[in-house]
Amino acid sequence: RPAASPRSRVHVLLASPEHAAAVASWLQRAPDLTSDEQDRLAVHLDIDVGMARTGSGKTVAFAVPMVARLREHEAVVGVRAVVVSPTRGLAVQTGKTVTALCRGTDLRVGQIVGGEALEAQFAVLAQNPDILVVTPGRLLHLVKTESRLGLARVQMVVFDEADRLFE
């Protein structure tokens with residue numbers, strides 16, 4: 001494979017030209033990322049485990065390869081990627097970012113957090129999301145108590161803020 005600049009390397013990982021344009025647009029609007037940080041982020045997209053300061057682009061670092069791997073919505077029922085966030089606020093923020101990074105694809109993102117009515121969250125699952133952003137308590141509730149969420153089709157799991165999740 002020929003040597004590539006960090007930015008072209010990001011584009012190699014993207015699902016389509018439309019997705020590449022959506023990600024590029026998002027990165028240009030991201031207020032916390034300088035161009036140097038974007039370049040460093042692109043270089044590190046191949047990592048499986050990463051630690052970085054708040055605002056450094058960790059969500060982009062896991063979401064872009066996730067979207068590239070999933071590529072398109074599948075009609076077969078079942079979540080294919082799960083992002084577990086320790087708090088409701090972080091899950092909401094992560095859900096917005098992942099949704100923005102899915103522009104240019106037909107992937108569906110669902111968000112399920114504690115403190116919201118279960119009926120509305122069952123409706124989210126009924127839409128057959130490809131990526132589910134969820135808090136740990138609600139994930140356990142849906143899997144164990146409600147039996148509403150099967151995980152057999154999951155290909156990727158991200159433990160966002162893992163240090164906080166496993167405290």
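Predicted model: local features only at pLDDT ≥ 70, side-chain atom pairs only at ≥ 80, totals over all residues.
## Overall architecture

The secondary structure of the chain comprises eight helices and four strands, and these elements follow one another along the sequence in the pattern α-α-α-α-β-α-β-α-β-α-β-α. Of the 167 residues, 43% count as buried, while the accessible surface of the chain amounts to about 9,200 Å², with 54% of that area belonging to carbon and sulfur atoms. Among the contacts with a sequence separation of 6 or more, 67% are made by residues 24 or more positions apart.

## The sheet and the helices on it

The four strands form an open sheet in the order β2-β3-β1-β4, with parallel pairing. Strands β2 and β4 are the edge strands, each of which pairs on one side only. Neighbouring strands in this sheet are turned against each other by 15° on average, with direction ignored.

Two of the pairings can be described through their bridges. Strands β1 and β4 pair in the parallel sense over four bridges, and valine 82 stands opposite valine 157 in β4. Helix α4 packs on the sheet, where it touches β1, β3 and β4, and its direction makes about 170° with that of β4.

Strands β2 and β3 likewise pair in the parallel sense over four bridges, and here valine 109 stands opposite isoleucine 131 in β3. The chain passes from β2 through helix α6 (residues 118–126) to β3, and this β-α-β crossover is right-handed. Helix α6 lies across β2 and β3 and runs at about 160° to β2.

In a regular strand the side chains alternate between the two faces of the sheet. Strand β2 (residues 109–112) has a covered face, made up of Gly110 and Ile112, and an uncovered face, made up of Val109 and Gln111.

In soluble globular proteins, nonpolar side chains tend to be buried together. The largest nonpolar core of this model has 19 residues, and those with the most contacts inside it are Phe62, Met66, Leu70, Val83 and Ile131. At least two residues of this core are supplied by each of α4 (58–70), β1 (81–84), α5 (88–101), β3 (131–134) and β4 (156–159). The largest share, seven residues, comes from α4.

A second, separate core of 12 residues includes Ile112, Leu125, Leu132 and Val134.

| Residue | Relative accessibility | Class |
|---|---|---|
| Alanine 81 | 0% | buried |
| Threonine 59 | 18% | buried |
| Glycine 115 | 76% | exposed |

Alanine 81 is found in strand β1, and with a relative accessible area of 0% it counts as buried, because the cut-off for that class is under 20%. Apart from its neighbours within four places in sequence, alanine 81 is in contact with Met66, Leu70, Asp130, Ile131, Leu132 and Met156. The C-alpha atoms of alanine 81 and valine 154 are separated by 5.3 Å, although these residues are 73 residues apart along the chain.

Threonine 59 has its place in helix α4. Its relative accessibility of 18% is under the 20% cut-off, and threonine 59 is therefore classed as buried. With residues up to four places away in sequence not counted, threonine 59 touches Thr94, Thr97 and Val98.

Glycine 115 lies in the loop between β2 and α6. A relative accessible area of 76% is over the 50% cut-off, so glycine 115 is classed as exposed. When residues up to four places away in sequence are left out, glycine 115 touches Arg88 and Arg138. Glycine 115 and arginine 88 are 27 residues apart in sequence, and their C-alpha atoms are 8.2 Å apart in space.

Methods: Residues numbered from 1 in each chain as written. Heavy atoms only, no water. Core = buried A, V, L, I, M, F, W, Y, C linked by side-chain atoms within 4.5 Å. Buried < 20%, exposed > 50% of the residue type's maximum accessible area, 1.4 Å probe, protein only. Contact = heavy atoms within 4.5 Å. Areas by Shrake-Rupley, 256 points an atom, 1.4 Å probe, with all protein chains shown as cover. Pairing = 2+ DSSP bridges. Right-handed = clockwise from strand over helix to strand, strands pointing away. Axes fitted to C-alpha atoms, helices over the stretch in contact; angles between N-to-C directions.
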